[in-house]
Amino acid sequence: MDIIEKLKTKYKLSSETETFLKMRLDQLANGGVDGVDPAKKEEFSETHRELNDKIAADFDGQVKEFAVPSAGVPNGIPIDVIKPNNCARRPGILVNFHGGGNIYGSRKTTEALCKLLARELKCVVVNVEYRLAPEHKFPAMFDDGKAVVRWVLMNKSLVGGENDSKVGVIGSSSGGGIAATIAFEVPGLDYQVLVYPFLDWRCQGPSYDEFEFPGSSINMSEMIRKGVEMCIKTEADKTSVRASPLLRKDFTVLPPTLLLIAEIDPYKDSNYEFKSKMKAANSVCESKLIKGAIHGFFSLPGLFQETNLRAREIIAQFYKKHGVC
C-alpha cells in the first residue's frame, strides 16, 4: 500500500494534497529533491518559484531590498520589503520567515505568498533571508531572525510604515519555529502567526510515529529528523529553548497568537501542546486545524490554491483584530 492509500484509510485528503503527493512521488521516482539533500538547494528553490510565481504575477506594488546590520553577517542580512499600492494609510508590518527545514528555501521561494499577504492585508511585508544549515548551524537562523525583527521595530518608517504601526511575525514550518522563538525573546511584538510551526527539535510523539512511513520515498518524520541532524552542533542543541520553544517555561510573555495546524503533519501534536501551554498561561491563542491538508501547503500557494486561500482568510480575520492600527 503506498503512502496515499495509507493516509486515505484514516483521513479525507483534499484533492490538492493528493495531487501534491502524486507529483512528489513522480518527482522522487525521477531523481527529484528528497527533502534532505543540501546539494539540491537551488533545484528546490527553482521548483518552488515555478509553482508559485504565476499566482502573484499581477502584484501591484514595490519590492525594495535592504541589508540589516548583523555581527554574524558581514554584508548584512538580506530582506525584501514588499509594499502594495493599496497599502493602508497607517499600515501594519508583518515579518515573514520562510519554511524549508532550516536547510532549504529563501525569500524568493516565498515571495509570491508575501505579495498575496501584502495585497490582501494591505500591509508591509518584510521577507527575510536568514542563514541556513548545514553551512550555518544552530543558532544562526534564530540570531538572524532576531536581528531583523529588532531592526524593523526601530525602523518602521524606513520600511514604509508609521511610528505607531503594529508589528507581527509570521512563519511556516521551520520559519514558524523562528517566529515563535523571536516572540519569546523580542519584546514589543503585537502578534504572531504560526503555520504548522516546528517547535520541538526532539522530533518525538504520537504524530511522528503516525507519519513515519518506512520504505516510502516520502517518509515525513524521517526527513525531519535528518534535517535536524544537519542543523545541530551537539545533541544538546535539540533541547535548547531557542531551537525548541515548546520547552519554554513562561508562555505569559507571548503576544496574541494564531496557530494554523495541518492535519497531515508530524508537527501536529507539538502544535496542540504549544496551544495548551499558551491557554494554561492565559495567553491569547486562536487555532485552526486545516483538515485534509499536508505539511507544506502554505509555502505553495500556486499548487494549494484553495487550501492556501482558506488559510489566508483566517489570517486576515486575525490580522484585523491584532495587526491594524
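This is a predicted model: local features need pLDDT of at least 70, side-chain atom pairs count only at pLDDT 80 or more; totals for chains, interfaces and linings use all residues.
Local features need pLDDT of at least 70 and side-chain atom pairs count only at pLDDT 80 or more, while totals for chains, interfaces and linings use all residues. Residues are numbered from 1 along each chain as its sequence is written, and side-chain values use heavy atoms, with hydrogens and water left out.

Helices (H or I, at least four residues) and strands (E, at least two) are DSSP runs, numbered from the N terminus. Helix α4 (residues 111-121) packs against helix α10 (residues 305-322) at an angle of about 45°, the axes lying 11 Å apart. Axes are lines fitted to C-alpha atoms, for helices over the stretch in contact, and angles run from 0 to 180 degrees between N-to-C directions. The two helices are therefore oblique to each other; angles under 35 degrees count as roughly parallel, over 145 as roughly antiparallel, 65 to 115 as roughly perpendicular and the rest as oblique.

Contact (heavy atoms within 4.5 Å) involves L113, L116, L117, E120 and L121 of α4 and N308, R312, I315, A316 and Y319 of α10.

In strand β4 (residues 124-128), five of the five residues are buried, so the strand is largely enclosed by the rest of the structure. Buried means under 20% relative accessible area (1.4 Å probe, protein chains only). V124, V126 and V128 point one way from β4, and V125 and N127 the other way.

Two strands pair if DSSP finds at least two bridges between them.

| Strand | Sense with β4 | Bridges |
|---|---|---|
| β2 (residues 73-84) | antiparallel | four bridges |
| β3 (residues 93-97) | parallel | four bridges |

V81 has V126 of β4 as its bridge partner, and L94 has V125 of β4.

Terms used:
Buried means under 20% relative accessible area, exposed over 50%, partly exposed in between (1.4 Å probe, protein chains only).
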